[in-house]
Amino acid sequence: MESTIFTSDKKSSLKLLVEVAKKIGVKSRPLSKQEIEDWVLAKAIDKGLRSPTVSRASVMKALNKK
């Protein structure tokens, strides 16, 4: 299964995409605000997991610099 998320400032553009999806037999459904927030958080976590590892000392030093 493959998925795609579309975003647009125009509701009419998204409505057109949903109509086209229905015509070609592709299922679609709107995402709730919570689902969108979860997706954004998951993307941020994924990005963080691919960042370089830092030492505990540097994290503690950064936290003390408030």
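A residue counts as buried when its relative accessible area is under 20%, as exposed when the value is over 50%, and as partly exposed in between (1.4 Å probe, protein chains only). With that in hand, here is a friendly tour: of the 66 residues in this chain, 2% count as buried. The model is predicted, so local features need pLDDT of at least 70 and side-chain atom pairs count only at pLDDT 80 or more, while totals for chains, interfaces and linings use all residues. Residues are numbered from 1 along each chain as its sequence is written, and side-chain values use heavy atoms, with hydrogens and water left out.

**Overall build**

- The chain holds three helices and zero strands, where helices (H or I, at least four residues) and strands (E, at least two) are DSSP runs numbered from the N terminus.
- Along the sequence, the pattern reads α-α-α.
- The radius of gyration of the chain is 19 Å, whereas a compact globule of 66 residues would have one near 11 Å; this radius is taken over C-alpha atoms, and the globule rule is 2.2 Å times the number of residues to the power 0.38.
- Along the principal axes, the C-alpha atoms fill a box of roughly 55 × 25 × 15 Å.

**Surface and charge**

- A nonpolar surface patch is formed by Ile 5, Leu 31, Ile 36, Trp 39 and Val 40, which together have about 430 Å² of accessible area.
- Patches are made of residues with over 30% relative accessible area and no salt bridge, joining like charges within 9 Å and nonpolar side chains (Val, Leu, Ile, Met, Phe, Trp, Tyr) within 5 Å.
- Leu 31, one of the patch members, sits in the loop between helix 1 (11-23) and helix 2 (33-49), and Leu 31 is partly exposed at 36% relative accessibility.

**Salt bridges**

- The count is two salt bridges, each defined as a side-chain nitrogen of Lys or Arg within 4 Å of a carboxyl oxygen of Asp or Glu.
- Arg 29 pairs with Glu 35, and their closest N and O atoms are 3.0 Å apart; Arg 29 is exposed at 57% relative accessible area, while Glu 35 is partly exposed at 30%.
- Asp 46 and Arg 50 make a salt bridge at 2.8 Å, N to O; Asp 46 is partly exposed with 34% relative accessibility, and Arg 50 is exposed with a relative accessible area of 60%.

**Contacts across the sequence**

- Leu 17 belongs to helix 1 and is partly exposed, at 37% relative accessible area.
- Between Leu 17 and Phe 6 there are 8.8 Å in space, C-alpha to C-alpha, and the two are eleven residues apart in sequence.
- Lys 27 is in the loop between helix 1 and helix 2, where Lys 27 is exposed, with 82% relative accessible area.
- Lys 27 and Ser 3 are 24 residues apart in sequence, and their C-alpha atoms are 10.0 Å apart.

Notes. Accessible areas come from the Shrake-Rupley method with a 1.4 Å probe; for residues, only the protein chains shown count as cover.
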